[in-house]
Amino acid sequence: ALERTLSIIKPDAVAKNVIGEIYARFEKAGLKVVAAKMKHLSRQEAEGFYAVHKERPFFKALVEFMISGPVMIQALEGENAILKNRELMGATNPKDAAPGTIRADFADSIDANAVHGSDAADTAAVEIAYFFATTEIFSR
Ligand code: CMP
């Protein structure tokens, strides 16, 4: 099915200057960037985005990391976009990520893991709406 997913290039990957390399992987896989913005998240925005992880032991470190520098946020559209993006990203922990995935190539640790991607259709809709108004999404 034609889907949309929310992708974030995290502060570590933005600092490494690999936004373009990561966008090229999306495009080569048939995913289209239909919305995009660069943003330095406030603590409140990061906590709200990751609210489902509030009780997890890594929550505080996750928020600190996500506000440590600017991020690049995009909505991706394509056939099976959610799973396709997760395959491109590789496992959450770069130590477990398959060779050739974004996390294997660009991530340093489970916290500084280069990218975020929605894990399911319901969370994708919530996450896209968290960052983009419908008028900022250009379906094509
Ligand atoms: P992300 O896909 O952005 O969703 C939550 C983030 O928490 C995850 O990527 C990791 O960067 C971070 N994290 C840190 N420790 C863990 C853990 N033990 N399990 C899952 N996510 C973790």
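The residues around the ligand are K10, Y50, H53, F58, L62, T92, R103, I110, D111, N113 and H116. Please keep in mind that this is a predicted model.

What is the make-up of that shell, in terms of nonpolar, polar and charged residues? It divides into four nonpolar, four polar and three charged. And where does the ligand sit? It is found in the largest pocket.

Look at Y50 to begin with: a polar atom of its side chain is 2.5 Å from an oxygen atom of the ligand. Then please turn to H116, where an N or O atom in the side chain lies 3.0 Å from a ligand oxygen. N113 also takes part, with a polar side-chain atom 3.2 Å from an oxygen atom of the ligand. As for how much of the ligand is covered, on its own it exposes 450 Å², and the protein buries 79% of that.

Let me finish with a residue that I'd like you to find on the screen, F106. You'll see F106 in helix α6, which covers residues 102-106. Is F106 buried or exposed? F106 counts as buried, because its relative accessibility is 9%, and the cut-off for buried is under 20%. If you then look for N17, you'll find that F106 and N17 are 89 residues apart in sequence, while their C-alpha atoms are 10 Å apart in space.

Technical notes
Residues are numbered from 1 along each chain as its sequence is written. This is a predicted model: local features need pLDDT of at least 70, side-chain atom pairs count only at pLDDT 80 or more; totals for chains, interfaces and linings use all residues. Side-chain values use heavy atoms; hydrogens and water are left out. A residue is near a molecule or strand if one of its heavy atoms lies within 4 Å of it. A polar contact is a pair of N or O atoms within 3.5 Å; within protein, one must be able to donate a hydrogen and the other to accept it, and residues adjacent in sequence count only if both atoms are side-chain atoms. Accessible areas come from the Shrake-Rupley method with a 1.4 Å probe; for residues, only the protein chains shown count as cover. On a 1 Å grid over the protein atoms alone, a cavity is a set of points where a 1.4 Å probe fits but cannot get out, and a pocket is an open set with protein on both sides within 12 Å along at least five of seven lines; lining residues have an atom within 4 Å of a point. A molecule sits in a cavity or pocket if more than half of its atoms lie within 2 Å of its grid points. Ala, Val, Leu, Ile, Met, Phe, Trp, Tyr, Cys and Pro count as nonpolar, Asp, Glu, Lys and Arg as charged, and the others, Gly among them, as polar. Helices (H or I, at least four residues) and strands (E, at least two) are DSSP runs, numbered from the N terminus. Buried means under 20% relative accessible area, exposed over 50%, partly exposed in between (1.4 Å probe, protein chains only).
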